[in-house]
Structures are given as C-alpha cells and as structure tokens.
Amino acid sequence: MDDKTTAEMAGLLSAYDEQMRGVPPNPPAGVGYEQDGPVTRTVGQFRGFISAPRDVQVRGAELDALIARQRDRFAARGEAVEWKIRGHDLPSDLTDRLRAAGFTAEAEETVLIGRADDMASPPVLPDGVVLRQVTEHADMHRIAALESTIWGQDLSMIGDDLARRVAAAPDDLVVLVAEADGEVVSAAWLVFRTGTEFAGLWGGSTLSAWRGRGIYRALVAARAHIAAARGVRYLQVDASGDSAPILRRLGFHAVTTTTPYVWSPPREAVGP
C-alpha cells in the first residue's frame, strides 16, 4: 500500500488530470494537432494519438460517433491510432465502445508519481558503465537498435521520433544512454512539460545481460536530478509490471492505471 493519505493521493491524481492530459506545446516538425470536441488528435507521427480529459462529457450514440470519427480520420490516413484510457476515466462504458469500434487493448500499465527532489541523487553505476546525454541522430538510432533488440521487433521509428523531438524543442527532452565499452546497454529519456509541475520518465530499457545491476535506478536518479535542478515538482511514469515495483520502492506512488486502446488499418488481403 502507498503510505500517503487518501487526500494526498487524490491531490496527486487531480494534478495529473489537470496538467498531463493535454498535448505537448512544442510538436516536432510534421506533427500537428486537430481538435474534435473534447478530444485532440495528434497526427503526423509513427502512430496517431488521442488526448482526452478524464470525462469526455458525451454519452451513448454521441460517444460512438466521436469514437468513429477518430477511427475514420486515421483510416483515411492509413495510420494506426492510440487512445490512452486511464482506469478512472468516464464514462464507464468508454472502453466497451472503443472495442465495439475496432480498438484493441494493449498491456495495462500503472501511472506512478513521485517528487523529483525525493528521487534526485548521484547515480550509482556498476564498474565500467558510464552515463552520457546524447543529442546526435546517430545516438538516437543506436537507442532504437537497442529497443529493437530488447523487445524483439522493429522499433527504428523511435530513433527518428527522438531526433525530431530534440530538433523541435531541445529544452523539452533530455536523452541519456548507459554505455559499457562503447556499447549502449540501457537508455532513457526525460520529457519536460512546459507550464506544468511535471516531467515524464520514459524508456529505461536495459539489455538482459545488464539487468539487476542498478542501471535502471541510476537512470531514474540522474533524470530526477536534472528535473529537480529545473524546478520540476513531480515525476510521472507509465510503468510496466517489471518496473513498477522498483519505482514504488524508490518512493513513487500509484495513482491510477493506463491502457492504450489501439486501432490499426486492416491489412490488405494477400492473393494466392
């Protein structure tokens, strides 16, 4: 159980809902936003994204129409789209209606929040491992290769995405790699959200041979130190089942869950 009071946890969740449900203010080149009633579409990246408030304020047939418009907009573009749903979102039948419209749930994660000051400390690394902040395209593609190896799928788009985001708003993104003998063994990035008290921790993937040596914790500490120095109050993570227990031991608190609901264009039929 989290050791914060119910009121404190409610305060963290309220701050998250108020400050982290919109879109970043500085999109990369080629990425744009489209408003459709209560939701905002992000277009022009490797997968579209739907941002929405906790309660979309429409119900029944009107909600079905809203969902269908998002699906059809990305179908016309030939692109997949993600609608991120939090565990406390309304209406309660939103996920049922997304599934009925052809969206599929991916793995649930836990939304964790912690104070940057509490997490900031000098990173402790195993012998032979160094942390380095990177900005060059070549390093971003080395990170994409790392992610592809770890997850067993082509994630080359991550390199392009990170490079475009750094080019568009270099002050909004800090990318770190952990290297051993010149090899990238882990990578993570810190995303600042201008106008909020938050920064997000993303990445944190480590090659299997290097897990269990404290590299993940070191990357958390290093990013927390950078965030605290910039006056960030809270760090937020969408944590997998593997990383959530580590982060809770470090002082993060679970406030809700998040599940991506994804619609993908149907594959063209392959002839005999």
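Analyst: What follows describes helix H5 and then the protein around it. The model is a predicted one, and the protein in it has eight helices and 12 strands. Helix H5 covers residues 137–151, and because 15 residues at 1.5 Å a residue should span 21 Å, the distance of 21 Å between its end C-alpha atoms agrees with expectation. Just after H5 comes Gly152, which takes a positive phi of about 65°.

The buried residues of H5, taking buried to mean under 20% relative accessible area, are Asp139, Met140, Ile143, Ala144, Leu146, Glu147, Ser148 and Ile150.

Turning to the whole protein, buried residues make up 49% of its 272 residues. A compact globule with 272 residues would have a radius of gyration near 19 Å, and the protein, with 19 Å, therefore agrees with that rule. Along the principal axes, its C-alpha trace spans about 60 × 55 × 30 Å. Of the contacts between residues at least 6 apart in sequence, 72% join residues at least 24 apart. The accessible surface of the protein comes to about 13,300 Å², with 51% of it belonging to carbon and sulfur atoms, while the mean positions of the 29 positive and 37 negative charges lie 1 Å apart.

How values were computed: Residues numbered from 1 in each chain as written. Predicted model: local features only at pLDDT ≥ 70, side-chain atom pairs only at ≥ 80, totals over all residues. Heavy atoms only, no water. Helix = DSSP H or I, 4+ residues; strand = E, 2+ residues; numbered from the N terminus. Rg over C-alpha atoms; globule rule 2.2 N^0.38 Å. Buried < 20%, exposed > 50% of the residue type's maximum accessible area, 1.4 Å probe, protein only. Contact = heavy atoms within 4.5 Å. Areas by Shrake-Rupley, 256 points an atom, 1.4 Å probe, with all protein chains shown as cover. Lys, Arg positive; Asp, Glu negative; His and termini not counted. Charge placed at Lys NZ, Arg CZ, Asp CG, Glu CD. Expected span 1.5 Å × (residues − 1).
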